[in-house]
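Walk through this structure one region at a time.

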Amino acid sequence: MNLKEYCGIVGIYNKSEAANYVYLGLHALQHRGQEAAGIVSTDGIQFYEHKGCGLVNDVFNKNSISSLRGNVAIGHNRYSTFGDDSIANIQPLFAHFDMGQIAIAHNGNIINANRIKKKLVDDGAIFNSNSDTEVIIHLIARSQKTTFFDRLTDAVKVLKGAFSLIIMRENEIYAIRDPWGFRPLSMGKLDDATVFASETCAFDLIGAEFIRDISPGEIVVAGNEGVKHYSNVFDATNEKKCVFEYIYFSRPDSYLWGKNIYSIRKRMGEVLAEESFVEADIVIPTPDSGVPAALGFSKKSGIPFDFGLIRNHYVGRTFIEPTQTIRHFGVRLKLNPSKDVLKDKRVVVVDDSIVRGTTSKRIVKMLKSAGAKEVHLRISSPPVISPCFYGMDTPTKRELIASSHSTEEIRKYTTADSLEYLSIEGLKKVVGETGYCFACFDGNYPVEFDRE
Ligand code: SF4
């Protein structure tokens with residue numbers, strides 16, 4: 001899988017050394033963004049920030065964490081779905097305005113950000129970054145309403161697309177999910193503190209108890225008056241959770257929208273085996289994301305599970321980004337076939353998705369060179385035919401191999417002996433018929449996009 005994650009966000013209210021907990025939370029959410037990380041904290045008077053490019057461990061050290069004072073903090077792991085990689089775009093974004101200070105961490109992609117920004121610039125606004133998130137700060141600052149909450153609701157009602165937000169002021173934190181609920185955002189409790197995070201695996205690491213998901217269109221405020229919930233801010237909600245969170249993005253140990261990711265992926269593998277059984281000697285995953293689905297496939301088909309590809313965990317993910325040439329090289333850097341496991345075997349290899357097809361082709365070639373007699377490719381999601389405009393960094397439609405090639409053409413390209421995908425019906429059987437965005441599989445975009 002070569003798709004990029006969105007971002008990971010964390011916030012904690014009312015905990016001494018809050019930045020330490022946010023730092024640990026960002027560690028747990030590292031898989032959602034590896035390009036940059038940042039934390040902003042407050043002691044109720046002043047805001048403190050530290051940001052940088054790279055992994056959480058590269059960005060923070062003991063000194064930088066201890067400089068982030070106060071009982072309230074929010075943090076962000078960045079993968080740039082919008083804007084460029086400059087320091088100004090690293091979140092949380094932090095600004096002064098007439099009501100004090102504000103910091104904001106955003107997961108998602110606001111699809112009408114360019115249109116809003118153009119209008120704001122025409123009206124005299126000066127932007128510090130080219131991140132879509134900065135428009136939210138401007139909208140709040142320019143609202144004519146008299147309370148912060150009214151200004152905030154004024155601002156978020158204008159936005160279209162995906163936004164799970166954690167916003168910090170001097171004495172409170174706001175957690176918000178867009179009315180479609182594309183991105184996850186959960187709430188937890190740690191002693192007297194309230195915690196918010198993109199995924200529940202962040203709660204596990206810091207010892208917090210998961211309370212519930214923030215609902216689509218809901219605003220939760222943790223402040224001096226306790227925790228308050230507002231669910232009537234948007235005119236309507238139309239739940240369209242990103243189904244790719246289940247397929248690939250979220251960590252398998254997270255619980256998302258009432259389901260455990262690992263169990264869901266295993267079930268996808270079971271349904272895939274029901275739909276596309278093939279006689280074979282072993283089932284292997286493409287590590288790590290294909291592991292639960294391969295286990296499910298093995299369980300349902302009765303074909304023994306094994307590890308035929310060994311992953312090198314120490315390859316920096318950012319290293320393999322820039323060009324096709326390096327990406328190809330990267331497959332070999334990342335995965336090595338286990339010849340003893342594969343020799344003379346009929347192999348089912350399970351992956352979570354095919355994007356461009358180049359990685360699958362390399363994997364099939366690698367397995368055959370290692371002695372596999374047959375290679376049967378099984379994909380635990382339907383063909384990706386349309387790009388995502390809600391925060392996932394897919395290639396263009398032209399680059400998505402399934403947008404212009406049939407399954408048989410892709411099979412030929414990858415040189416696999418057979419290729420089958422999980423059907424959309426099969427996917428819906430696992431996750432549910434409604435309440436999800438399936439746009440990258442069926443092209444039905446739940447929110448109209450403009451790319452002005
Ligand atoms: S288009 Fe695909 S990746 Fe994007 S939000 Fe919808 S399901 Fe998720």
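By class, what residues does the lining of the second largest pocket have? The model is predicted, so read each value as computed from it. The lining of this pocket has nine nonpolar, four polar and three charged residues. The pocket itself holds about 310 Å³ of space. Its lining counts 16 residues. Nearest the centre of the pocket lie Phe-94, Ala-95, Asn-128, Glu-134 and Ile-137.

Follow β5 into its sheet. Six strands make up this open sheet, and their pairing is antiparallel. The order runs β5-β6-β7-β8-β12-β13. Which strands stand at the edges? They are β5 (93-97) and β13 (226-230). Each edge strand has a single partner, so one side of each is left without a neighbour in the sheet. From one strand to the next, the twist averages 20°.

Strand β6 covers residues 100-107 and pairs with β5 over five bridges, in the antiparallel sense. Within this pair, Ala-95 stands opposite Ile-102 of β6. Ala-95 also belongs to the residues nearest the centre of the second largest pocket.

Helix α5 (residues 134-142) touches β5, β6 and β7 (164-169). The direction of α5 makes about 15° with that of β5. Helix α6 (residues 148-156) touches β5, β6, β7, β8 (172-177), β12 (219-223) and β13. The direction of α6 makes about 25° with that of β8.

Is Ala-105 buried or exposed? Its relative accessible area is 0%, and buried means under 20%, so Ala-105 is buried. Leaving aside residues up to four places away in sequence, Ala-105 touches Ile-9, Ile-74, Gly-75, His-76, Gln-91, Pro-92, Ser-164, Leu-165 and Ile-166. Ala-105 and Ser-186 are 81 residues apart in sequence, and their C-alpha atoms are 14 Å apart in space.

Rolling a probe the size of a water molecule over the atoms shows where empty space is left. How many cavities of 30 Å³ or more does the count give? It comes to four. The largest cavity contains about 80 Å³ of space. Its lining has 14 residues. Cys-242, Cys-388, Tyr-390, Cys-437 and Cys-440 lie nearest its centre. By class, this lining has 13 nonpolar residues, no polar ones and one charged.

The last stop is helix α16, residues 424-431. This helix is mostly covered, with six of its eight residues buried. Which residues of α16 are the buried ones? They are Ile-424, Gly-426, Leu-427, Lys-428, Val-430 and Val-431. What covers them includes α8 (244-249), β16 (259-260), α9 (261-275), β23 (436-437) and α17 (439-442). After α16 comes Gly-432, whose phi is positive, near 120°.

Terms used. Residues numbered from 1 in each chain as written. Predicted model: local features only at pLDDT ≥ 70, side-chain atom pairs only at ≥ 80, totals over all residues. Heavy atoms only, no water. Pairing = 2+ DSSP bridges. Helix = DSSP H or I, 4+ residues; strand = E, 2+ residues; numbered from the N terminus. Axes fitted to C-alpha atoms, helices over the stretch in contact; angles between N-to-C directions. Contact = heavy atoms within 4.5 Å. 1 Å grid on protein atoms, 1.4 Å probe; cavity = no way out; pocket = protein on both sides within 12 Å on 5 of 7 lines; lining within 4 Å. Points joined across faces, edges and corners; volume = space filled by probe spheres on them. Nonpolar A, V, L, I, M, F, W, Y, C, P; charged D, E, K, R; others polar. Buried < 20%, exposed > 50% of the residue type's maximum accessible area, 1.4 Å probe, protein only.
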